[in-house]
Amino acid sequence: MVEQTAKSIVTICAVVTIFAVCSITAYMVMKGTPALKNVGVSSLLFGTSWKPTAAEPAYGILYIIITSIVGTSVSVLVGVPIGLLSAVFLTEVAGKKTSAFIGAAVELLAAIPSVIYGLLGMMLLNPLMYKWEKIFFAGSKTHQVTGGSNLLSAIIVLMIMILPTVINVSATSIKAVSKDLRAASLALGASKMQTIFRVVIPAAKSGIMTGAVLGVGRALGEAMAINMVAGGAVNLPLPFNSVRFLTTQLVSEMGYAQGLHRQVLFTVGLVLYIFIMIVNLVLQKMRREAGADE
Amino acid sequence: MSKKRKIKDFLGYVMIYLCAGFSVLLLAAIIVYVFAKGAKSVNLSFLTSVTSVLKGTVGIAGNIVNTIMIVVMTMLITIPFGVGAAIYLNEYAKPGKLVRLIEFATETLSGIPSIIFGLFGMMFFGQTLGLGYSVLTGALTLFLMVLPLITRNTQEALKTVREDYRQGALGLGAGKWYTIRTILIPSAMPGIITGVILAVGRIVGESAALLFTAGSAAVLPKGLSGLFSKLFQSGGTMTVELYLAATSEGDFDTAFGIAVVLLILVLLINLGTKMLAAKFDVTRINR
């Protein structure tokens with residue numbers, strides 16, 4: 001009797017996760033689709049004008065989508081090499097103590113709340129960007145002055161925030177490379193650097209790619225930190241433009257949006273959710289393949 | 001070695017050192033800067049009073065209470081479900097479709113960003129269930145967010161419990177549930193606690209999932225009944241207050257004060273998990 005009850009209870013606990021994922025998906029689709037019909041798919045997804053509160057409102061979110069794609073890609077493209085080389089340092093170059101120390105620092109970086117990254121970005125990056133903006137766009141008549149809140153700040157913050165993920169996953173996969181490979185390479189006369197770049201990193205490629213995809217997921221979903229540094233206007237994602245990401249659009253307007261504007265924000269949420277699901281599926285496929293290799 | 005090779009090797013080293021140094025310098029800079037900017041705001045009255053123009057006080061006591069309440073409520077809900085799910089997956093389930101589905105769902109859940117949890121929590125717990133902006137809505141939302149974390153850590157801990165223990169208990173005539181309750185869960189306790197501490201860390205640092213679920217009120221509840229009714233009222237955590245202070249209020253003294261408190265908490269949590277891992281090295285005990 002007790003045995004049976006216990007088994008049923010733990011089964012229910014396990015099934016909760018399935019329910020959670022199903023209901024989140026159902027809600028995102030349910031709430032995100034009405035605006036597609038009410039505004040029109042093409043003028044919503046491919047429109048470039050965002051004037052939700054104007055007398056003749058326009059709800060084009062194309063720039064927001066492109067900003068998320070550009071911001072995420074650039075931060076990952078910059079962050080992955082830095083993270084990978086840091087991981088190489090941790091596993092191949094540093095001694096045990098140094099490695100443990102830096103590993104602890106990386107762990108701490110991962111644990112710092114995103115609002116603190118945002119706050120620091122506001123205080124340190126934005127003023128710097130404003131300085132540059134004044135130099136680069138002195139006399140420009142077309143550039144809207146942003147005061148430093150721009151895409152570039154957001155990309156730097158994102159790059160920093162994905163570093164711990166990339167470092168940890170890369171370090172794990174580099175550690176898993178067999179010692180024989182290194183020994184063989186060194187025995188053939190390759191230098192340590194040649195061994196690292198020509199043998200170890202290629203052997204750890206799939207793990208490093210997994211780290212990069214994880215980074216894409218994190219960067220795509222980050223909201224608060226970049227909302228504090230990216231500015232508040234929907235624009236084409238140029239480095240010195242004030243931009244809105246899918247996530248920051250939600251954070252900054254969900255609080256007051258009404259009616260159709262609110263519906264459109266749910267569509268923004270749905271677009272983000274679809275992107276995230278694609279990343280998740282790619283990630284799970286990569287992990288399965290990595291598992292099959294072992 | 002050729003000269004060209006030597007130069008290339010040297011450049012490789014330089015790049016590797018630069019990148020690794022970057023992470024460490026970054027962390028050091030963040031800690032130094034936050035403390036330099038915020039340490040002066042943090043004192044006893046900052047931690048024990050509520051910001052009030054009338055009384056002329058600046059403080060985050062209300063946000064601290066909200067944070068603690070959300071952490072406690074979330075963990076009260078998550079621990080039974082997370083540990084239960086792990087027990088099912090590790091002790092009862094036979095490999096098959098259901099297990100694959102549960103594992104797929106757990107992976108998916110852990111990949112969903114917090115802003116999506118916030119949206120779902122607002123729609124489902126807040127509107128459909130009518131809980132509005134409240135501590136409870138926030139806790140239920142975060143439950144979904146940290147569930148995979150607890151499940152995974154418990155599962156890992158259960159996996160390291162030696163097979164002999166299970167066989168021994170069963171051989172002595174103990175039932176399966178009795179074995180789980182008296183042998184497996186206690187043996188897996190360090191792993192479970194590590195998961196709980198990690199989850200607490202995530203909740204303390206969380207903001208996007210709470211902005212539209214738990215809201216931003218910073219009033220201090222009065223007495224026990226006040227604490228209970230607080231469950232159904234809006235309550236902003238420290239991170240949410242930091243965000244609002246830095247953006248809409250432009251009150252950077254408070255923002256950096258909170259940042260100092262949060263950094264200290266994060267440091268403590270990190271240290272806690274490290275000490276726990278060193279003290280209860282599960283793999284060492286069982287080997």
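**Reading a domain interface and a buried residue**

Mentor: Let's begin with charges across the domain boundary in this predicted model: between domain 1 of chain B and domain 2 of chain B, the count is 0 salt bridges.

Trainee: Okay, and where do those two domains run in chain B?

Mentor: Domain 1 covers 3-41 and domain 2 covers 44-286. Their C-alpha centres lie 32 Å apart.

Trainee: Which three residues of domain 1 supply more of its buried area than any other three?

Mentor: That's V34(B), F35(B) and S41(B), which supply 59% of what domain 1 of chain B buries against domain 2.

Trainee: And how many residues are in contact on each side?

Mentor: 9 residues of domain 1 of chain B meet 8 of domain 2. As for polar contacts across this interface, the rule finds 1 residue pair. On the domain 1 side, the touching residues are 5 nonpolar, 2 polar and 2 charged.

Trainee: Let's switch to chain A. Is A212(A) buried or exposed?

Mentor: Buried, because its relative accessible area is 12%, and the cut-off for buried is under 20%. You'll find A212(A) in helix 10, residues 205-221 of chain A.

Trainee: What does A212(A) touch, leaving out residues up to four places away in sequence?

Mentor: A212(A) touches V76(A) and V80(A). Also, its C-alpha is 9.7 Å from that of L163(A), a residue 49 places away along the chain.

Notes: Residues are numbered from 1 along each chain as its sequence is written. Chains are lettered from A and ligands numbered from 1 in the order in which they are written. This is a predicted model: local features need pLDDT of at least 70, side-chain atom pairs count only at pLDDT 80 or more; totals for chains, interfaces and linings use all residues. Side-chain values use heavy atoms; hydrogens and water are left out. Domain bounds come from an automatic or database domain assignment. Contact means heavy atoms within 4.5 Å. Buried area is the accessible area (1.4 Å probe) that two parts lose on being put together, summed over both. A salt bridge is a side-chain nitrogen of Lys or Arg within 4 Å of a carboxyl oxygen of Asp or Glu. A polar contact is a pair of N or O atoms within 3.5 Å; within protein, one must be able to donate a hydrogen and the other to accept it, and residues adjacent in sequence count only if both atoms are side-chain atoms. Ala, Val, Leu, Ile, Met, Phe, Trp, Tyr, Cys and Pro count as nonpolar, Asp, Glu, Lys and Arg as charged, and the others, Gly among them, as polar. Helices (H or I, at least four residues) and strands (E, at least two) are DSSP runs, numbered from the N terminus. Buried means under 20% relative accessible area, exposed over 50%, partly exposed in between (1.4 Å probe, protein chains only).
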